[in-house]
Amino acid sequence: MSTFRFQQFSVRQQESAMKVCTDATLFGAMAPLAGGERVLDIGAGSGLLSLMLAQLGAGHVTAVELTPEACRDAAVNFSHSPWAGRLELVSGSIQAYAECCQGRFDLIICNPPFFEQHSRNSAPLRSLARHADQLPHDELLRLVTRLIAPAGRFYLLIPLHGIDRVVALAASLGLYLVGRVDFAGHPHSRAKVAALTFAYRAEMFVSRRLVIYNAPRVYSGESARYLSPFLLRFADPT
């Protein structure tokens, strides 16, 4: 499927390596956003998270994407959305963007490459999207500290096996882990990924487990609450 349709926008993913998936959609729907924030989406891909944050009320979203293929999809998705005036697409590396960026961001969001030093996929674009060679976690975190506002938050989706290392790296740079939500596919399944929230100021740490499905293709009440403003299955038929 080259286009994934949501209630208020569509995501063309004709050229993007990584397609819309439940984990990424739930991650975006749960973003710690109050409204009006200046947001940076690192590794934006086809623009899914940027579009979701615009719908949630972000004041302005800057989406930085390295691959020209994904940028072409994101450009179409942004221009056809209701929030084109609040979405800015930057084609290139986040490293290059950080060198010329003016100002700082209230929220930085990232669904980064999932694997470091693991076997590569045979498809070059998908391999690039799923590996951290272009942006290792330590470099990502250093860039975040350069770009985040003093009272800002960094919101990250990451596999459970990488959490301890990332939390330790963040702490060495002065970022505190203030929230963690483990995504479990079903009530009796193990969580594989988690949404982490970091801040410069220590807060009461909140950690919980979220079950996505109560049964095959049946969303839990909690995941349905987050996803209901976005997925077509929850649209009011009237």
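Is Glu-222 buried, partly exposed or exposed, and what is its relative accessibility? At 25% relative accessibility, Glu-222 counts as partly exposed. The legends below describe close-up views of a predicted model.

**Figure 1. Salt bridge between Glu-222 and Arg-208.** The side chains of Glu-222 and Arg-208 come together with an N to O distance of 2.1 Å. This pair connects distant parts of the chain: Glu-222 belongs to helix α8 (residues 221–227) and Arg-208 to strand β10, 14 residues apart. Glu-222 has a relative accessibility of 25%, which lies between the limits of 20% and 50%, and therefore counts as partly exposed. Arg-208, with a relative accessible area of 28%, is likewise partly exposed.

**Figure 2. Salt-bridge network of Arg-12, Glu-15, Arg-72 and Asp-73.** Glu-15 is partly exposed, at 24% relative accessibility. In total, the structure holds 7 salt bridges.

**Figure 3. Salt bridge between Glu-203 and Arg-153.** The closest N and O atoms of this pair are 2.7 Å apart. Distant parts of the chain are linked here: Glu-203 is in the loop between β9 (191–199) and β10 (206–211), whereas Arg-153 is in strand β7 (residues 148–159), 50 residues apart. Glu-203 counts as partly exposed at 39% relative accessibility, and Arg-153 as partly exposed at 26%.

**Figure 4. The open sheet of 8 strands.** The strand order is β5-β4-β3-β6-β7-β9-β8-β10, with mixed pairing. Strands β5 (87–91) and β10 form the edges, each pairing on one side only. On average, neighbouring strands of this sheet are turned by 15 degrees against each other, direction ignored.

**Figure 5. Pairing of strands β6 and β7.** Strand β6 (residues 105–110) pairs with β7 in the parallel sense, over 5 bridges. Leu-156 in β7 is the bridge partner of Cys-110. Strand pairing within a sheet takes place through backbone hydrogen bonds, in either a parallel or an antiparallel sense.

**Figure 6. Helices α3 and α6 against the strands.** Helix α3 (residues 68–79) lies across β4 (60–65) and β5, and runs at about 165 degrees to β5. Helix α6 (residues 137–147) packs on the sheet and touches β3 (38–42), β6 and β7. The direction of helix α6 makes about 155 degrees with that of β7.

Methods
Residues numbered from 1 in each chain as written. Predicted model: local features only at pLDDT ≥ 70, side-chain atom pairs only at ≥ 80, totals over all residues. Heavy atoms only, no water. Salt bridge = Lys/Arg side-chain N within 4 Å of Asp/Glu carboxyl O. Buried < 20%, exposed > 50% of the residue type's maximum accessible area, 1.4 Å probe, protein only. Helix = DSSP H or I, 4+ residues; strand = E, 2+ residues; numbered from the N terminus. Pairing = 2+ DSSP bridges. Axes fitted to C-alpha atoms, helices over the stretch in contact; angles between N-to-C directions. Contact = heavy atoms within 4.5 Å.
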